[in-house]
Amino acid sequence: MKQEFIKHTDIEEYILKNYEDIELEKEQKFVDLMIEIIVSLTLKELYEEGD
């Protein structure tokens, strides 16, 4: 019975770690997208001002 509890706990920890990793990856992708949009808009504005 104790072995079963330990394995179950390990599995839950593994799942939680995976979930946290996925959430961090999603947050990083969102931040990267926001940076890309800001840079793109800034470059577009500078290009239009240069003409």
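User: Which residues form the nonpolar patch on the surface, and how much accessible area do they have together?

Analyst: In this predicted model, the nonpolar patch on the surface is made of Phe 30, Val 31, Leu 33, Met 34, Ile 35, Ile 37, Ile 38, Val 39, Leu 41, Leu 43 and Leu 46, with about 1000 Å² of accessible area together.

User: What makes Val 31 partly exposed?

Analyst: Val 31 has a relative accessible area of 40%. Buried would need under 20% and exposed over 50%, with partly exposed in between, so Val 31 counts as partly exposed. Val 31 lies in helix α1, which covers residues 2-50.

User: How many helices and strands does the chain have, and what share of its residues count as buried?

Analyst: The chain has 1 helix and 0 strands. Of its 51 residues, 0% count as buried.

User: Why is the contact between Asp 21 and Lys 17 called a salt bridge?

Analyst: Happy to walk through that one. The closest N and O atoms of Asp 21 and Lys 17 are 3.0 Å apart, and the cut-off is within 4 Å, so the pair qualifies as a salt bridge. In general, side chains of opposite charge can pair when their charged atoms come close. Asp 21 and Lys 17 are 4 residues apart in helix α1, which means they are separated by about one helical turn.

User: Are Asp 21 and Lys 17 buried, exposed or partly exposed, and what are the values?

Analyst: Asp 21 has a relative accessible area of 33%, and Lys 17 has 45%. Both values fall between 20% and 50%, so both residues are partly exposed.

User: How many salt bridges does a search of the whole structure find?

Analyst: The search finds 3. One of them joins Lys 26 and Glu 23 at 3.4 Å, N to O; these residues sit 3 apart in helix α1, about one turn of the helix. Another joins Lys 29 and Glu 25, again with a closest N to O distance of 3.4 Å, and these two are 4 residues apart in helix α1, about one turn. Since the limit is 4 Å, 3.4 Å is within it for Lys 26 with Glu 23 and for Lys 29 with Glu 25.

User: What makes Lys 29 exposed, and what does Glu 25 count as?

Analyst: Exposed requires over 50%; Lys 29 has 54%, so Lys 29 is exposed. Glu 25, at 46%, counts as partly exposed.

Methods:
Residues numbered from 1 in each chain as written. Predicted model: local features only at pLDDT ≥ 70, side-chain atom pairs only at ≥ 80, totals over all residues. Heavy atoms only, no water. Buried < 20%, exposed > 50% of the residue type's maximum accessible area, 1.4 Å probe, protein only. Patch = residues over 30% accessible without salt bridge, like charges linked within 9 Å, V, L, I, M, F, W, Y side chains within 5 Å. Areas by Shrake-Rupley, 256 points an atom, 1.4 Å probe, with all protein chains shown as cover. Salt bridge = Lys/Arg side-chain N within 4 Å of Asp/Glu carboxyl O.
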